[in-house]
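Hello,

I am handing over the structure we talked about, and you will find it just below. After it come some notes on what I found.

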Amino acid sequence: MNKRITDEDLLNELKIRFEQNKKALTELKQKSEQLRKVNEKLKESESLKSHFLSNVTNEIVNPFASILGLSQSITSLKIDEYEKIRPLAQLIHSEAFNLDFQLKNIFAAAKIEAGLAQPELAIVNIHSLIESIIESYRYKAQQKELKIQFKYKSKNKSTSPHEFPTDSEKLKLMMSNLLNNSIKYSNAAEKIEISSEINEKDELKIMVRDYGVGINKNEQEKLFDRFVKGESTIHSLNEGYGLGLSVTKSYVESLEGRITVDSEPKKGAVFTIYLPRPEETSYLEGFSDDGNQIFFEDSDEEF
Amino acid sequence: MNQELPIYYLYPANLYAPQEHYLINTLLGSCVAICMYDPIAKIGGMNHFMLPLWNGEGLASPKYGNIAIEKLLENILKNGAKKHNVIAKVFGGGEVIESQHHYFNIGLRNIEVAHKMLKELNIPINGESTGGKLGRKIQFDTFTGSVKMKYINKQQM
């Protein structure tokens, strides 16, 4: 069967096909553009990683050198010079404190990347947990004459308004990271406000606000990526590895919460964490065995 | 019979590959879990990923399929499994209603990355229950390699 095609039909058909080709081409272009962007990002992340490895040596070796040197000078003090011990010991403590904090972030990041960061839920006294973190940063804050204010309120009219089920170790590291950042990026003699509440949605909300250098919009997007550090105009030496916020974000997500940042350059920054209340069963008896027991019967499918 | 065995509840974005005999439990919505198992060495492990590919954001964690699959294989090989013996079973990727994120077709994309990567790694898929509209509970026996599965009618995982 021979069907005759008119020239017009042919032209129309060709036109349609050209259109389709064109559309496919633009889609392809868009896709390859996306691909290029992802590729760039992975490359950047990779180079940051190798940069990180060379940095680690310095950032671990230097504090150790000062700890060794300072403790050496304590041991060589004469018996009547013991009033000099205090400032030296304080310096040792702050170096060791920093080192410990940095190492915690490194190990936390390694654990998250290895898929071993399981939430371990228990009832936690949020009020005293936050206070203990603030207390541990008191010396650091004093050095910059920063004032830390802490407010706690609970909208939940329960018998224990200070308690909330969560992972206390993870929450401690999250809080340390937020507080450490706010101290780091504050100018001298400013204040830092921390407030915490259990809100109407029965979420634990923790807000850390500083009035320091702030973060511009472009940087805010990258803030939670690994090995990315904010610009610091205050310290000539910008310590840390840029792991803190990426660890914090992963932890928040593992607790099914979210973290937000609100900031403008020179006006400071507000970081807010929201953690929903975990389902009752998952934390009551520890977490792993009874809490998430799954019962199967013989009739269930097997693979 | 399995009452005495230790049970490990696997959370999303984590993976578990023990050397001992464990039952690994997990709950799946649009997430995908892959159980890898070496029937000769009797070594197994499970991952549980939420998104298909890592795009350089945040940490390179097993929240992402491409990383979770590589890491799981790495882990069971470390425990003594042999690559040419390893088989896989794939579960999850249902199109349940997600409250947390609104990615398009996330379940299907998770399944796709599982198929693609297992093929590239030459790991045969010996059991599978993916897609659909329901969530799943699974329990993996790391010594026998068997996986029990139950559908659940849960709106969000």
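In helix α1(B) of this predicted model, the buried residues are G65(B), I67(B), A68(B), I69(B), K71(B), L72(B), L73(B), N75(B) and I76(B). What do they pack against? Their partners in chain B are the strands β2 (15–16), β4 (32–38) and β5 (43–47), together with α2 (106–120).

The helix itself covers residues 65–78 of chain B, 14 residues in all. From first C-alpha to last, α1(B) reaches 20 Å, close to the 20 Å expected at 1.5 Å a residue. Just after α1(B) comes G80(B), with a positive phi of about 110°.

Now over to chain A, where you can look for an open sheet of five strands in the order β2-β4-β5-β7-β6, with mixed pairing. Its edge strands, each pairing on one side only, are β2 (147–154) and β6 (258–264). From one strand to the next, the twist averages 10°. At the β6(A) end, the pairing with β7(A) (residues 268–276) is antiparallel and runs over seven bridges; there you can find T260(A) opposite T272(A).

Two helices lie across strands of chain A. Helix α3(A) (residues 126–136) lies across β2, β4 and β5, at about 175° to β2(A). Helix α5(A) (residues 168–184) lies across β4, β5 and β7, and runs at about 20° to β5(A).

As for confidence, chain B has a mean pLDDT of 88, with 90% of its residues at 70 or more. The model scores are ipTM 0.76 and pTM 0.78.

Best wishes

Technical notes
Residues are numbered from 1 along each chain as its sequence is written. Chains are lettered from A and ligands numbered from 1 in the order in which they are written. This is a predicted model: local features need pLDDT of at least 70, side-chain atom pairs count only at pLDDT 80 or more; totals for chains, interfaces and linings use all residues. Helices (H or I, at least four residues) and strands (E, at least two) are DSSP runs, numbered from the N terminus. The expected span of a helix is 1.5 Å times one less than its number of residues. A residue is buried if 20 or more other C-beta atoms lie within 10 Å of its own, exposed if 12 or fewer, and partly exposed in between; C-beta atoms are placed from the backbone. Two residues are in contact if their C-beta atoms, placed from the backbone, lie within 7 Å. pLDDT is the predictor's confidence in each residue, from 0 to 100. Two strands pair if DSSP finds at least two bridges between them. Axes are lines fitted to C-alpha atoms, for helices over the stretch in contact, and angles run from 0 to 180 degrees between N-to-C directions.
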